[in-house]
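This report covers side-chain contacts between aromatic rings and between charged groups. The sequence and structure come first.

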Amino acid sequence: MVSANSNGDAPIELHSLEEVEKLVQRLYLPGSPQEITRIQDALQKIQRSQEGWQLADALLRSTDNNVRFFGALTFLMKINKDWDSLSEEDAPLLLNTLIQWLLRLVNGGAPKMVIRKLCTALISYYLRPSSIWKQPIRHLVLCLNEGDVVPSNILDQAPPISSILPNLSLSSALAILWFSRGLAEEVKASAPGLETYGPTSWGRSFDLLTKRLQTQILRESIFKHRRFSGRTPIYDESNDWAGFKLVRREHIMLSCEYRRRVRSTCWLIHQKDWIGYAHRAWIDKAIELDPFRQLTPLAIIALYNDDMYGVTVELFTDVLTNFSAFLNAQDFMSLSTILTNPKAQGIISRLKEGDYDVEVMSFARLLLAYGDAAVQDLAEKADVQQFNQIVLQLLDLLSCDGYPGVEDEICAEALEFWMTYTEHLIDSLFSAEKQKPAWMDSARQRVEAVIEACWVKIRMPSSEVAITWDSDAKASFKNFRRDVEDILQSSYTLLGIDVFGKLAHLALQSLQSHAWLELEATLYCLNALSDSVADEDMVDQILSRLFGSSLFADMTNTTNSIPAKTRQTAVTMITRYATFFERNVDHLPSMLNFLFESLKASALANVAARAIASTCSTCRKSLTSELGAFLQQYEVLLSWDSVDAYVKEKVIGAIAAIVQALPTEADKLAPLSLLFQFVEMDVASSMRFLEASQAKGYQASAACALKCLASMAKALETPDEVAIDLDADTHPQALFWTEGEGAPLQSQVIRTIQKLYGEMSWNSDVVEASCQVLRPGYKENIPGLFVFPTSVTVDLVMASTLETARLDYVLETAGAMLNRHSQESEFNMRHAATSFLIHVVNLVHAMEVNGAIDPEVNSSGIELAEKMIPRYLHSMIRVQNIEKLFETTLVCLKAPDLMPKRAAAHFWASFVQKHELSGEDLQIVQAAMQQYGPQLCQILAEQIGGEAARSELDIFAEPLKKLVFAQPQAKQWLANALDSEGFRSVKVGPTEKRVWLQKIMKQVRHIFMVLLLLTGDSSLRGAKGTNNAIKDFWIACRGVEFAYAS
């Protein structure tokens, strides 16, 4: 027959049908992966052979169900893979063969897996583009009824399906359901639109539904099958939902035998699939949904049936969540009746008691899905009893036993609904033209109840409970608390200052009763509202009562057994309401005393240090009189046995912020000198660690010293609200830190930076902190301790090598100085720029020599060079070996790494523009363009011509647009590149290339002139049409047909 080979083993020879059957049977037996692969290869080869059609027919005759399944599978594979090999005469014969086998399998009691696989083959037959099979379900129903293949040309003369369905056996009805469901699934999954299988595809599928097949299968084959236990369901098709009389469960109980046979509830799954298909079709075509809705009332009744309950709840949860428009008003009312009946209330009671089994959770999710879909009615029609009851049940979901995300599995989902509810109220409030809606007050009361329920749910567990939680439980509870923050912020729009006042009152009550976990929950809620409150007078009155109470005293009192989390949240509240203390300085002493006391607790130290830094930065002017106390307190802090480096960094920065508020530079000298002495203590510690060969302590102390200096530098920045003296350079204090009394201190700071950086440039923390000490001074217009001469930055950058840690950050620091330094002369800045560029060129050369290219260093170096254009272009073009930089940028444009590629594109987008140059400078730049312009165009053409990733096209668009506008020769360079051998795409011809190039030239120059005229902006960032033309050309070069218009 055939042979097959796999994995280099001997081929499996197949000479007879019997051997094929045995091989199929072996496929379903345990075996090694290699053996299974050899069997599959052999069977697939015979399936794909011309004998495969006959083989499928023969295998279905077997008595082995696995073999019969493989026969049906072979039919499916042949239809999918070898359909084109069938002649016009063969296709109808194949259909007859498939239907005959379906009849035999159904009537012969074949297993479901075989029948369903054959149904799949029939579906695949129907969906072939050239298939002429009309009305497939009607055809199959008639065939199953007759027990033989009915000629397709007499389908229209056959009796109506409604008269045939009652006569079908259950096995036949199930086969029709399987086929119909599979057809819905296949069309929904395979068709991005409704025209995938030809213009008649939707018409054929729609025909299946307009003939009410689904309804008849359920009504005739189940409800009218006469296998009920002597009962008939109450249903009157002429009446509306009230006509159903809300059939009680016992009225639809099936006989034991029949109930067992339909337990799979396949008809509901079938309905779900058709709804899914209808959803897609409705989106694409806005089709009429009524034909699809015929089973919905009966499906709702199935919610009363225990056997069908699970799958029915899943069905309606899915529909309500994803396609609520499928349900009409009557459907919603019917569901509301079910959701509020005694059984539903019993389930809610079980939930509140902590019962989270499958039935309870599925009902809760159905309730939430209904709430999301009917949120408008629930909010605006609270006077309707059923809606009111549903809202109360949705509130109950926030009061279930257990912690959210730990034991309580539904609370987080319920909170999502209430967020939707709140957002609807806000939208309604703002859309109301003159006065608020009448229903708004009652809806607001619901939101207040939600906030109260959330306040209870976010209470932290006791330490005994918390220790039993794993990381997932902790994360879930934390996420829930964050979600509560969101709904609090949204609710403030509705509830206003009242909710803030009530929470503050709760905090005072908890404080008085020493209910520390309740207090933490209340403070957490108040923190969430810090960005929402606007009425400063009212807020200050409320906060004054809270902060003027025993709050800080109680938090400071170590004899109180207050949970660390409560203290931590109180510290966070100080940070959130820092501006309050700026306006109400009388509360600062007790608050700062609490913060400094909190530094002693390891669990609070970091958050307290942040709060101290924030408070001192905000209230710096009010604290200058207490500067001595702060310095003394910091000295005490350093005397502790162990102080975290982060705490020292934050607190020293806080004190520096107070120093900045002193009136003169001379006033600042003494306290800054003392702070620097504290920093030198860490420097000395690092040297002692070095002498003791303790590398870890050596590195940590050095990094800590530099981070403290960086924190001081940041804190000493001039606040934004301070007026800048444009004549500061002529002021007597202008030279205070460079030549006056402050010069020695600045020199000491510089030597410390250089010493630690020079000795530990391999340590990333040290390198980053050294740069961070320098950066704050770049943007200062007022002289200061940390406003260093440019030579300090130049020396640091020039000292870096390829072995320097965070070399990319060092180069970024150089770029930051060039962009923002405002205190240096033009001569010094040009010298610095030249030095930086020489260093970049040397680094690039060193990487080439070593053969180790660092993408981050490349990117930072190119970005630094790009920042020199156009201000320092004069210096750039005279740097020795500058051609290495140009060549590197061209290489980066083709490199796989995105960061250097983007940096190189920005560099060329800046360099190719027209710059105000003359004489020798102009000649050098023009010569560079003559040398590198054609190479740049070659790379741009190749990348846009298909070699770049689609996401990278905008990167290449910028230099292309700038080049086309600024360089007259760009058109010829691009034309040459498109016609060169390096342009690899053969999908576009000379005409397409020429038309595209003309389009680019025309669009760029037109858009440039328009933007320049309207906005004065020549950046071309708005030239989206050019970007689209580039993407179209890229698609064409990748092989997709595209018709270009001139």
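## Aromatic pairs

In this predicted model, F417 and Y421 both lie in helix α21 (residues 411-431), and because they are 4 residues apart they are separated by about one helical turn. F417 counts as buried at 1% relative accessibility, and Y421 is likewise buried, at 1%.

A stacked aromatic pair is formed by W996 and F1033, with 4.3 Å centre to centre and 15 degrees between the planes. This pair links distant parts of the chain: W996 belongs to helix α50 (residues 990-1015) and F1033 to helix α51 (residues 1024-1038), 37 residues apart. W996 is buried at 2% relative accessibility, and F1033 is buried at 0%.

Over the whole structure, the search finds 32 aromatic pairs. Among them is F417 with Y421, whose ring centres are 6.0 Å apart and whose planes meet at 50 degrees, so the pair is classed as tilted. One aromatic cluster is made up of W83, Y125, Y126, W133 and F179.

## Charges over rings

Two arginines are placed over tyrosine faces. R481 lies over the face of Y524, 4.0 Å from the ring centre. R775 lies over the face of Y809, at 4.5 Å from the ring centre.

## Salt bridges between separate segments

Side chains of opposite charge can pair when their charged atoms come close. The whole structure contains 32 salt bridges according to the search. One of them joins R48 and D82, with the closest N and O atoms 3.1 Å apart. R48 is in helix α2 (residues 33-48) and D82 in helix α4 (residues 65-82), so that the pair links distant parts of the chain, 34 residues apart. R48 counts as partly exposed at 44% relative accessibility, whereas D82 counts as buried at 12%.

K779 forms a salt bridge with E717, in which the closest N and O atoms are 3.7 Å apart. K779 sits in the loop between α39 (764-774) and α40 (790-798), and E717 in the loop between α37 (695-715) and α38 (743-759), so the pair ties together parts 62 residues apart in sequence. K779 is partly exposed, with a relative accessible area of 37%, while E717 counts as buried at 12% relative accessibility.

## A salt-bridge network

K343, R350, D355, D357 and E359 are linked in a network of salt bridges. Within this group, R350 forms a salt bridge with D355, and the closest N and O atoms are 3.0 Å apart. R350 is partly exposed at 26% relative accessibility, and D355 is also partly exposed, with a relative accessible area of 26%.

Methods. Residues are numbered from 1 along each chain as its sequence is written. This is a predicted model: local features need pLDDT of at least 70, side-chain atom pairs count only at pLDDT 80 or more; totals for chains, interfaces and linings use all residues. Side-chain values use heavy atoms; hydrogens and water are left out. A salt bridge is a side-chain nitrogen of Lys or Arg within 4 Å of a carboxyl oxygen of Asp or Glu. Helices (H or I, at least four residues) and strands (E, at least two) are DSSP runs, numbered from the N terminus. Buried means under 20% relative accessible area, exposed over 50%, partly exposed in between (1.4 Å probe, protein chains only). Rings of Phe, Tyr and Trp (its six-membered ring) pair if their centres lie within 6.5 Å; planes under 30 degrees apart count as stacked, over 60 as edge-to-face and the rest as tilted. A charge sits over a ring if NZ of Lys or CZ of Arg is within 6 Å of the ring centre and within 35 degrees of the ring normal.
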